[in-house]
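Let's take a walk through a protein model together. Please keep the sequence and the 3D view at hand as you read.

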Amino acid sequence: MTSHLGIKIFLFSAVLAPSALGQAFGPSNPFYAESTLPFHAPPFDRIHDSDYQPAIEAGIAAEAKEVREIADNPAPPDFANTIVALSKSGRLLRRVEASFGAITSANTNPDLQKIETEETPKLSELEDATTLNTKLFTRVRSIYDSRATLSLDPESARLLELTFQRFTHAGADLNDADKVRLKEINSQLSVMSNTFNQRLLSGTKSAAFATTDLKALAGLSEGRIAAASLAAKSRNQPGYVLPLINTTQQPVLGTLTDRATRAAVFNSGWTRTERGDDSDTRDIIARIVKLRAEKAKLLGVPNFASWKLTDQMAKNPEAVQKFLDALVPPATARARSEAKDIQDVIDAQHGGFQLAAHDWDLYAEQVRKAKYDLDESAVRPYFELNRVLTDGVFYAATKMYGITFRERKDMPVYQPDVRVFEVTDADGKPLALFYCDYYKRDNKNGGAWSSSFVGQSKLLGTLPAVYNVANLPKPAPGQPALISADDVRTMFHEFGHALHAMFTNVQYPGQGIPRDFVEFPSQFNEHWALDPDVFAHYARHYQTGAPMPSELVARLKKSETFNQGYAFTELLAAAELDMQWHLLTADAPLQDVDAFEKAALVTKKIDLEAVPPRYRSSYFQHIFAGGYSAGYYAYLWSEMLDDDAYSWFMQHGGMTRANGDRFRSMILSRANTQDLETLYETWRGGPPSIDGLLRQRGLVPESPAK
C-alpha cells in the first residue's frame, strides 16, 4: 500500500518564504538531519506532532530548489546531471513523509489530520511542479532520445525509461492551458482523497455496533466479550462495543447467534459512510470519479483506467476486463452452490428465513463443521499471535532465505504496541529493520498494509526499515492474542511485502513497482503458512505447547478450498466495481453512487444478494484514497502470478534454500529494474497460467497428477 498521502517518489514545489522556514525549522527538529539510529530509523522518541509540518514544508522548499537547479543547469543534459540528480533529490521530504504517512495511517489524531489537510494540496502541487516543468522535461527528453548512443547498464537504462514515462504519463507534453487545468484537477483530487479518508475513519469509528445487552452478544467467546467491554470503556461508553473493520463482512458475524444483532452489525458496516452526515462519502466519490475522467481526457485517453494502466503489467483495461470476466462464471457458480448448502442447513434447522449476507459466515461455519468436522473455535487456540510471528512467519523466512531475527527493545516506536526486529542476512551482514503493529485502534485505518520508513539504495547508502500494520483484535489484559486462520494468512501476506522490500538490492531509490506486480510476492508468501514443516513449528496450543492434532491439521487443510466461491466472488465484485467506475468517460454525468454501484454489478453479472462486494464504493478506501484506483484487480492478477509461481516451486522441490535464493535473486531483489513481464518469464521459464489460481481456489478439479 502507498503512504497515506499517496505521494510518489519525486515531489517538488515552489519555495516557501525563507523567513517562515527560519522560524519553524532548524537543528532542533528531529528531521533536520539523517537519523543516527541503526538503519536511519525514525527517532520516534524525539518526534512530536508539531515537528511534522515545518519539516514537510522545509522538505518541499529544499526539493524545489534542488529540482530548479537541475532544470537550470547550464551544462548539457546527461544521465548523471539530470536523471541521477533527480533520484538523489528530496531526501529531507522522503524522510519526514515516510514517518508522517505511517503515523497518519496507524496512529492519527485531529492535529495530524489538520496538518494532512493543509499539506496534501501542497504536495500535489509539488509533483506537478516537476513533471509539468517544460525546461526539466526538455532535458529528460533529450537524454531519452539519445539513449541508443549511451553506454548505460540495464538498471540505469530502466531508470531512464521509467523517468521519461513518468513525465509523459503525468502530462509533460500538454500545452500550457491544459497544464494549468491538470494542476487544478490534481490539487482538487488530492484534497478530495484526503477528505474521503478522514470521513471514512470517522464514519467507521462512529458506526461501531454498541449495546448494553449482554444477551445480544450471544455466541462470542469470553475473550471477545471482554475485548468489547474494553472497547466501550476506551470510548467512555457503557456496555459493549464491536468496532468495525474496513471490509463489508465483519469477523464477529461468524459467531454471533442472535440474528438481529448480526443484521445490526452488518448494516452498521454497510452504511457506515452513507448516513447523510458529515462522514458521508458519496458526494466526494461522485466528484472524484468525474475529475479523474476529465483528467484522462486531458491526457489523451478515453478513461481513467486507460491512463492508470499504461505503466502496469496488464497494460490496458481490455486485458483486465478479459481477465476478470473470465473468472466470474466459475466464481459465482461456486458461490451459488455454497449458498444452497447454507440454505439447506437453515431449512433443516427450521430457520424460516432466506439466507442473507449477514447470515453467511455463521452458517458457512456450520457447513464447514459438518463437511470437514472443523470448528474455527477449535483452531484458534493453536494460533497465538506471537508464536505465529516468531515460529511461523520468521521461521519460514529463515528456512527459505537464511535470514534471522532479533528483537530490538531499544528502538523508539510511535505506539507502545509496536515491536521492532533487526534482520540479519545469511552471511551475517545487517539486512533490515522490521516493525510490526498488529492490534486494531480507533485511530488506525482499516485493513492491513506494509510500507517502509527507509528504502534500500546503493546510491544513497541506505538499507531498509520496513513495517507491517494490521487490525487484529487486541485481547483483554492477561488474555492470549488468539487469531483465526485468515489472520495467520494476513500475517504471512504482509510479511511477503516486507521481504520484497528487505531483499531489494538496487542502485537507485524509488523505482516504484506496479500495483499488479507488487502484490505477487506477498500473496506468494501466504503459501508457506500451511507448509507442513512451518505449520508444525507454529501451530501449537497456547496453553500446553502441544502441536495441533494431526486429524485437525488434516481437516483444516482439506477445508482450504471451502467457501472459496464466496471469498473469490466478493473480491471479484470489488475489482469489477472499481473498473466500472474508472471506465466512465468525461462526458458522463455526475453519478448517483448507489445506483451506479448496483447497475455495475448487474452489468458484470456478479450481483449476488448474499455475496456483497468486499468493499462498497462508499468505503472503498483502496480506490478513493489508497492509490489502487483502476487497480484493485491487481490482487487477482498477482494471485495468478503467485499460484503459478507456487506451482513452479512444487515442481522443483518445494521450500528449499536453493529455490528461495533463486527467487530472491531473480525476482525479489530486482524491484522494477526490468520489464516485469520479462522478469517473471525469465524466472518461470514462460508466461504465467491462470490454471494454478483456479486450482488453488478449488474452482476447478485437481489434475490427476496432483
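What follows looks at a group of strands and then at a pair of helices. Keep in mind that this is a predicted model.

Let's begin with strand β5, which covers residues 430–439.

Now let's see which strands pair with β5. One partner is strand β4, residues 419–424, which runs antiparallel to β5 and is joined to it by six bridges. You can find T424 opposite P430 of β5. Between the two strands of this hairpin lie five residues. Look for G428 in the hairpin, where this residue takes a positive phi near 90°.

Another partner is strand β7, residues 465–472. Six bridges join β7 to β5 as well, but these two strands run parallel. To find one of the pairings, look for L433, whose bridge partner in β7 is A465.

Next, turn to the helices. Two packed helices are described by the angle between their axes and the distance between the axes. For helix α10 (residues 259–270) and helix α14 (residues 357–372), the axes come within 8 Å and cross at roughly 125°. That angle makes α10 oblique to α14. The crossing is right-handed. From α10, the contact is made by R259, R262, A263 and F266, while α14 brings A357, H358, D359, L362 and Y363. Sorted by class, this contact has five nonpolar, three charged and one polar residue.

Note on methods. Residues numbered from 1 in each chain as written. Predicted model: local features only at pLDDT ≥ 70, side-chain atom pairs only at ≥ 80, totals over all residues. Heavy atoms only, no water. Buried < 20%, exposed > 50% of the residue type's maximum accessible area, 1.4 Å probe, protein only. Helix = DSSP H or I, 4+ residues; strand = E, 2+ residues; numbered from the N terminus. Pairing = 2+ DSSP bridges. Axes fitted to C-alpha atoms, helices over the stretch in contact; angles between N-to-C directions. Parallel < 35°, antiparallel > 145°, perpendicular 65-115°, else oblique. Left-handed = near helix turned anticlockwise from the far one by under 90°. Contact = heavy atoms within 4.5 Å. Nonpolar A, V, L, I, M, F, W, Y, C, P; charged D, E, K, R; others polar.
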